[in-house]
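Please read them beside the structure.

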Amino acid sequence: MATLKELSKQQELLSGGHRLCAGCGIPPIVRLVLRAANGPVVATTSTGCLEVGTTIYPYTAWRIPWIHSAFENAAATISGIESAYRSLKKQGRLPGGDKDVKFVAFGGDGGTYDIGIQALSGALERGHNFLYVCYDNGAYMNTGIQRSSATPMLSNTTTSPAGKVIPGKQQWRKDLTRIVAAHNIPYAAQASPHNWSDLSKKAEKAMQVNGPAFMNVMSPCPLGWYTKSEDSIKWAKLSVDTCYWPLYEIEDGVLKITYKPKEKKPLAEWLKPQGRFKHLFKPENAHLLEEFQKRVDMEWQRLLDLDGKRL
Amino acid sequence: MAITATKGQVGLTGNAAVAYAMKQVNPDVFPAYPITPSTAIVEDFSSYVADGEVTTELITVESEHSAMSACIGASAAGARVMTATSSQGLALMWEMLYIASGMRLPIVLADVNRALSAPINIHCDHSDSMGARDSGWIQLYAETVQEAYDNTFMAVRIAEHAKVRLPAMVCFDGFITSHAIENISLLEDQEIQDFVGAYKAENPMLDTDNPVTYGAMTLPDAYIDFKYQQSQAMMRAKDAAVEVMKDFGKRFGREYGLFDTYRLEDADTAIVILNSAAGTTKVAIDELRKQGKKVGLLRPRLFRPFPWQEMVEALKNVKAVAVLDRADSMNAFGGPLFNEVRSALYDLDQRPKIFGRTYGLGGRDYKVKDAVAVFEELSRVVETGKVETLLKYITL
Ligand SMILES: Cc1ncc(C[n+]2csc(CCOP(=O)(O)OP(=O)(O)O)c2C)c(N)n1
Ligand code: SF4
Ligand SMILES: [Mg+2]
């Protein structure tokens, strides 16, 4: 893997000047993933902040061939591109001559956990050679912070508002990484942009395996989390240190936790600075906070039990 | 069963013929998803792939939405792409149809016409492709198996035409054409390869040294300009279609036009109708002509773009026209074909009288007697100079 110094010398494949918010978690994720390709790479993106923020005609922040087609079909779109590649390669008709090309689909949590899960499942099952990266900011941010099935429990969103009788989102988030792993693909991982070396290593592995790979990446969103732009990376780190967002990988079916916090932080430390959880800190909601913590503890223990095991 | 290595005259179903046509084109990528009555096309094509008769990458997608999404990805990547569907499948693709045309990707899709749910029905009508008539796709319609086979090649050329670059749909009737065996004349693989030519993609994404962005967000300062260009391309598609059909006729001796006419030159009354029902109508015309009635037919082949000027020319001397739709726009103002033909005739100083009839939905038979009854109504209109009933369902 490249050192930080080497990385800083490589050309960014996603240029600056895009319109994503200051402090958005998406750009560092995309940059680190694309760098891991180490050669020609073609990407697609589902409708959402990344797509809108990087391409307002006639501008584009993409220095690689890139396509946005719709919201729910990033995995199907990349299936088509990758199949075109295999077809033209075997016929000796690749534009610019024979070469090895990597394929990446980027999707938000809405585009991946919800509306795009069918296309994702199909592409994983068919075994296309591509990497799917979900940037999980925990809601449909581009359309104004609506809940998705990735939204943390009890979050205040515009379609799961913390109201007088219902205190935010009622459901625990869907465990997409496990669902993806159940497709028995060669590589699946969870990552976070605060740990650039862990993320880069995972992206490199994901690009190198033969077949589908998947990465679910925590992506701070100052707008939807009601946090300060300059703190995003701090909150990404706390999501991991509280074990809300464990870093792990599943390689050929074997699960490995890639980072275990020395001291597991209380969940409240991650929740408190975020406006979306403000209501949980009212005295009458103390029990909700407790419930949330319990669930996080349970999920973390479940993961610890699986560490090093073949799923 | 997929047919192999055949040439000359052979008895084939519409589906087998179109699958064979696709095999002869040998596209780079073929996303496939089954639905009655087009299933046999994707099955036959899968056999061609399994037997190594094509170099195509088959993608057995998990839905038609993904089929069209994969078509778009593959086409933007630089591949020649084909697929097939019907009815609910086309409906599920609807969102993506507009994206394919908006991105100017020359994908070719065979739509085996079938009714739309509800109620669910697997039989023929044109609700599916008519529902996509404004999606920016070129639409070719076929009366017979031979024509469906031939249209498949022409669709590739028109779609990929340098002045067009738009996706194209090859439409023919479910069961009536897709499952009926007709004796047709096949072309040689080499003739097809010479006719369609090697595919040259524009701005392929796989040209990684020259990166392009597809599908950028556009704001009001740019969106309408893209749509204007697309609209202009659709206008040019008519001339391209004429050019391609001429070349096809010259090479293979089968002449096609923007529409087909039958005994229309001196007709007082005419039926305008799509696809297989034109055959039935021609039988009725022959019977009525024997009785001295001057009746004729116009069968549109190219529905998108709609060749209205030529159609007006062909219909201007007719006294009364009945437009028969195998789809209802549910607008309480007649079917799509009726509306287009009626609108096209508006500028004539001396307009034919016109009425619309909806027939044959969900596979209901349209018989010679139904066509005869329409011609009888038309002659009453000519006699009285009045259209009594502008719109009505027949074959009820
Ligand atoms: C079929 C369809 N439904 C709804 C939308 C509206 N829409 C656009 S982006 C979006 C939310 C995207 O959420 P996510 O995938 O989490 O990405 P983010 O905005 O958070 O980056 C929605 C609902 C759409 N474009 N297409
Ligand atoms: S709304 Fe959130 S996810 Fe979207 S660009 Fe802004 S910070 Fe990023
Ligand atoms: Mg999101």
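1. A backbone N or O atom of Asn142(A) lies 2.7 Å from an oxygen atom of ligand 1, a polar contact being a pair of N or O atoms within 3.5 Å, where within protein one must be able to donate a hydrogen and the other to accept it, and residues adjacent in sequence count only if both atoms are side-chain atoms. The protein covers 78% of the 590 Å² of accessible area that ligand 1 has on its own (Shrake-Rupley method, 1.4 Å probe; for residues, only the protein chains shown count as cover).

2. This is a predicted model, in which local features need pLDDT of at least 70 and side-chain atom pairs count only at pLDDT 80 or more, while totals for chains, interfaces and linings use all residues; side-chain values use heavy atoms, with hydrogens and water left out. Residues are numbered from 1 along each chain as its sequence is written, and chains are lettered from A and ligands numbered from 1 in the order in which they are written.

3. Two further contacts concern oxygen atoms of ligand 1: a polar backbone atom of Gly110(A) is 2.8 Å from one, and a polar side-chain atom of Asn137(A) lies 3.0 Å from one.

4. Ligand 1 lies between chains A and B, and the nearest of the 18 residues around it include Cys49(A) and Tyr135(A) (near: a heavy atom within 4 Å).

5. Ligand 2 is surrounded by residues that include Cys49(A), Asn137(A) and Cys221(A).
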